[in-house]
Amino acid sequence: QLQLTESGGGLVQPGGSLRLSCAASGFTFDYYGIGWFRQAPGKEREAVSCISTTGDMTNFADSVKGRFTISRDNAKNLVYLQMNSLKPEDTAVYYCAASKAPLGLCRGGWVRLGSFDYWGQGTQVTGSS
């Protein structure tokens with residue numbers, strides 16, 4: 001059974017850091033492009049970052065560029081989202097998602113929820129002030 005499980009969320013002060021993990025099981029992980037999304041209370045889910053199957057291509061929302069990095073370890077079926085210099089507006093539930101059509105995903109299609117086929121349950125990130 002295909003499954004994505006996020007972890008690593010928590011409460012963090014402004015300027016702090018967190019590393020989120022997305023663990024995959026039940027499918028051939030390195031065939032899939034992976035995206036991170038977030039959804040704040042009362043807002044729509046938005047794309048945060050994308051990584052290609054081999055990790056050679058990544059992309060980020062303008063709001064997180066220079067603060068967040070994404071990486072993957074295909075041997076361990078893991079994707080990481082390193083979040084630095086966190087701001088209160090980064091508060092949201094963070095989701096990872098997998099796309100079985102990864103070709104060119106991180107060039108443009110990654111910002112659309114419909115580009116992804118499988119989703120995790122999310123992990124809460126809360127920025128305190």
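Okay, let's start with the sheet: four strands, open, in the order β1-β3-β8-β7, with antiparallel pairing. Strands here are DSSP runs of E, at least two residues long, numbered from the N terminus, and two of them pair if DSSP finds at least two bridges between them. In general, strands of a sheet pair through backbone hydrogen bonds, either parallel or antiparallel. β1 (3–7) and β7 stand at the edges with a single partner strand each, so one side of each has no neighbour in the sheet. From one strand to the next, the twist averages 15°; the axes behind that are lines fitted to C-alpha atoms, with angles from 0 to 180 degrees between N-to-C directions.

Before I go on, a word on the model. It's predicted, so local features need pLDDT of at least 70 and side-chain atom pairs count only at pLDDT 80 or more, while totals for chains, interfaces and linings use all residues. Residues are numbered from 1 along each chain as its sequence is written, and side-chain values use heavy atoms, leaving out hydrogens and water.

How many bridges join β7 and β8? Six, in the antiparallel sense. R72 stands opposite V79 in β8. R72 also lies over the face of F29, at 4.4 Å from the ring centre. For a charge to count as over a ring, NZ of Lys or CZ of Arg must be within 6 Å of the ring centre and within 35 degrees of the ring normal.

Now look at L78, also in strand β8. Is L78 buried or exposed? Buried, at 17% relative accessibility; the cut-offs are under 20% relative accessible area for buried, over 50% for exposed, and partly exposed in between, with a 1.4 Å probe and protein chains only. Not counting residues up to four places away in sequence, L78 touches C22, A23, F29, S71, R72 and D73, where contact means heavy atoms within 4.5 Å.

On to the rings. The structure holds six aromatic pairs. Rings of Phe, Tyr and Trp (its six-membered ring) pair if their centres lie within 6.5 Å; planes under 30 degrees apart are stacked, over 60 edge-to-face, and the rest tilted. Why is the pair of F27 and Y32 edge-to-face? Because their planes stand at 70°, with the centres 4.6 Å apart. F27 is buried at 13%, and Y32 is buried at 12%. Another pair, F37 and W119, is tilted, with 4.9 Å centre to centre and 55° between the planes. That pair links distant parts of the chain, 82 residues apart: F37 is in strand β4 (residues 33–39) and W119 in strand β10 (residues 118–119). F37 is buried at 0%, whereas W119 is partly exposed at 26%. The charged end of R45 sits over the W119 ring, 5.1 Å from its centre.

Last stop, the inside. A nonpolar core is a set of buried Ala, Val, Leu, Ile, Met, Phe, Trp, Tyr and Cys residues joined through side-chain atoms within 4.5 Å. The largest one has 28 residues, and W36, F68, V79, L81, M83 and Y94 have the most contacts inside it. Apart from it lies another core, of eight residues, including C50, C106, W110 and F116.
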